[in-house]
Amino acid sequence: MKANCCIYVSDSQRYSSGLAYPCNRCGKIYKWRESLSLHKRMECGIEPRFACNICGRKFKHKHHLMKHHKSIHKYNQ
Ligand SMILES: [Zn+2]
Ligand SMILES: [Zn+2]
């Protein structure tokens, strides 16, 4: 006797079977539901607010800008 209807499908199984989590706004695909909801909250539709004062590149998150400073301009505060 099998109860196929109640089998729990894990996120990784969903992903390997093509059932990932696409963002309904920008179409970006995420493997994890958590990543998608984080993306929706923190990234999607949000204009980059942090501009590099050296090259003018813009970033959505301050830590991205800091990382950019360090890796591209060898700049440490
Ligand atoms: Zn999105
Ligand atoms: Zn820069």
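1. Two residues are taken to be in contact, or to touch, if their C-beta atoms, placed from the backbone, lie within 7 Å. In that sense K28 touches C23 and H39, when residues up to four places away in sequence are not counted. The C-alpha atoms of K28 and H39 are 9.1 Å apart in space, although the two residues are 11 residues apart in sequence.

2. A word on the basis of these remarks: this is a predicted model, in which local features need pLDDT of at least 70 and side-chain atom pairs count only at pLDDT 80 or more, while totals for chains, interfaces and linings use all residues. Residues are numbered from 1 along each chain as its sequence is written, and chains are lettered from A and ligands numbered from 1 in the order in which they are written.

3. The secondary structure of the protein chain consists of three helices and four strands, where helices (H or I, at least four residues) and strands (E, at least two) are DSSP runs numbered from the N terminus. Read from the N terminus on, the order of these elements is α-β-β-α-β-β-α.

4. In the unreviewed UniProt entry, the annotation "domain: C2H2-type" covers residues 21-48 and 50-77; UniProt positions are given in the numbering used here, feature names are shortened, and annotations may be inferred rather than shown by experiment. The span 21-48 is 36% helix and 14% strand, and its end C-alpha atoms lie 23 Å apart.

5. On burial, a residue is called buried if 20 or more other C-beta atoms lie within 10 Å of its own, exposed if 12 or fewer, and partly exposed in between, with C-beta atoms placed from the backbone. Buried residues make up 1% of the 77 residues in the protein chain. Of the contacts in the protein chain with a separation of 6 or more, 0% are accounted for by residues 24 or more positions apart.

6. K28 lies in the loop between β1 (21-22) and β2 (29-30), and K28 counts as partly exposed because 14 other C-beta atoms lie within 10 Å. I46 lies in the loop between α2 (33-42) and β3 (50-51), and I46 counts as exposed because it has 12 C-beta neighbours inside 10 Å.

7. K58 belongs to strand β4 (residues 58-59) and is partly exposed, because it has 13 C-beta neighbours inside 10 Å. Leaving aside residues up to four places away in sequence, K58 touches P48, F50 and A51. Between K58 and P48, which are 10 residues apart in sequence, the C-alpha to C-alpha distance is 5.6 Å.

8. Helix α3 (residues 62-73) contains M66, which counts as partly exposed because it has 15 C-beta neighbours inside 10 Å. The C-alpha atoms of M66 and F50, 16 residues apart along the chain, are separated by 9.6 Å. The helix is hardly covered, as the count of buried residues among the 12 residues of α3 is zero.

9. How far should the 12 residues of α3 span at 1.5 Å a residue? The expected span, 1.5 Å times one less than the number of residues, is 16 Å, and the end C-alpha atoms of α3 are 16 Å apart, which agrees. Just after α3, K74 takes a positive phi of about 50°.
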